[in-house]
Amino acid sequence: DEAEKLRDTELYVKREDAGELPEGRYYIADLLGLSVFTDEGRDLGKVSDVFSTGANDVYTVKGRDKEFLIPVIDDVILSTDIEGGKIIIKPLKGLLDDED
């Protein structure tokens, strides 16, 4: 019943109290602003949002003129380098709207 009082409330945790995540898991705050590149070196933009679809998370990546929705699945996300500030993806066919 006590937890019910917090429904629809944003809670904040100090970084040092957040704890370690398992390998391959990241805090959203650490992902926001990372640059996203394809495995061929194309700069797609920066992560501006992360949302859950139920099946998997999706990164919203804002480029200069376009916005991309990148599914967070093993077939697409090749590497995430928080300290290096970048994510490398291998786009599935049709993921980037200018591809065949």
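Start with the contacts across the whole chain. Among contacts in the protein chain with a separation of 6 or more, 33% are between residues 24 or more positions apart. Keep in mind that this is a predicted model.

**Stop 1: the whole chain**

Show the C-alpha trace. Along its principal axes it spans about 55 × 25 × 25 Å. Now switch to a cartoon view. The protein chain exposes about 7,600 Å². Carbon and sulfur atoms supply 46% of that area. How many of the 100 residues count as buried? The share is 24%.

**Stop 2: the segment before helix 1**

Select Asp8. This residue is found in the segment before helix 1. Look at its backbone: Asp8 is not a glycine, yet it has a positive phi of about 65 degrees. Is Asp8 buried or exposed? Asp8 counts as exposed, at 79% relative accessibility.

Now select Arg7 and Glu4. Their side chains meet in a salt bridge, with 2.7 Å from N to O. Arg7 is exposed, with a relative accessible area of 56%. Glu4 is partly exposed, with a relative accessible area of 45%.

**Stop 3: from helix to helix**

The whole structure holds five salt bridges. For another of them, select Arg15 and Asp30. The closest N and O atoms of this salt bridge are 2.4 Å apart. Where do the two partners sit? Arg15 lies in helix 1 (residues 15-18), and Asp30 lies in helix 2 (residues 28-31). The pair therefore ties together parts that are 15 residues apart in sequence. Color both residues by accessibility. Arg15 is partly exposed, with a relative accessible area of 45%. Asp30 also counts as partly exposed, at 24% relative accessibility.

**Stop 4: strand 1 and its partners**

Select residues 35-38, which make up strand 1. On one side of the pairing list is strand 2. Strand 1 and strand 2 pair in the antiparallel sense over three bridges. They form a hairpin, with four residues between them. Click Gly41 in the turn: it has a positive phi of about 95 degrees.

Then highlight strand 6. Strand 1 and strand 6 run parallel, joined by four bridges.

Which residues stand opposite Val36? In strand 2, the residue opposite Val36 is Gly45. In strand 6, the residue opposite Val36 is Ile87.

**Stop 5: the largest nonpolar core**

Hide the surface and show side chains. The largest nonpolar core has 15 residues. Select Leu44, Val47, Tyr59, Val61, Ile70, Ile87 and Ile89, the members that touch the most other members. Which strands each supply at least two residues of this core? They are strand 2 (43-52), strand 3 (57-62), strand 4 (67-71) and strand 6 (86-89). Strand 2 gives the most, with three residues.

Stay on Ile87 and display its contacts. Leave aside its neighbours within four places in sequence. Ile87 is then in contact with Leu31, Leu34, Ser35, Val36, Phe37, Val47, Tyr59, Ile77, Ser79 and Thr80. Val47 and Tyr59 are also among the core members picked out above.

**Stop 6: along strand 3**

Pick Thr60, which is found in strand 3. Is Thr60 buried or exposed? Thr60 has a relative accessible area of 7%. Buried means under 20%, so Thr60 is buried. Show its contacts, again leaving aside neighbours within four places in sequence. Thr60 is in contact with Lys46, Val47, Ser48, Asp49, Phe51, Glu67, Phe68 and Leu69.

While you are on a strand, watch how the side chains point. In a regular strand they alternate between the two faces of the sheet.

**Last stop: Lys62 and Glu67**

Select Lys62 and Glu67. They form a salt bridge, with the closest N and O atoms 3.9 Å apart. How exposed are the two residues? Lys62 counts as partly exposed, at 46% relative accessibility. Glu67 is partly exposed too, at 49%. Glu67 is also one of the contacts of Thr60.

Methods
Residues are numbered from 1 along each chain as its sequence is written. This is a predicted model: local features need pLDDT of at least 70, side-chain atom pairs count only at pLDDT 80 or more; totals for chains, interfaces and linings use all residues. Side-chain values use heavy atoms; hydrogens and water are left out. A nonpolar core is a set of buried Ala, Val, Leu, Ile, Met, Phe, Trp, Tyr and Cys residues joined through side-chain atoms within 4.5 Å. Buried means under 20% relative accessible area, exposed over 50%, partly exposed in between (1.4 Å probe, protein chains only). Contact means heavy atoms within 4.5 Å. A salt bridge is a side-chain nitrogen of Lys or Arg within 4 Å of a carboxyl oxygen of Asp or Glu. Two strands pair if DSSP finds at least two bridges between them. Accessible areas come from the Shrake-Rupley method with a 1.4 Å probe; for residues, only the protein chains shown count as cover.
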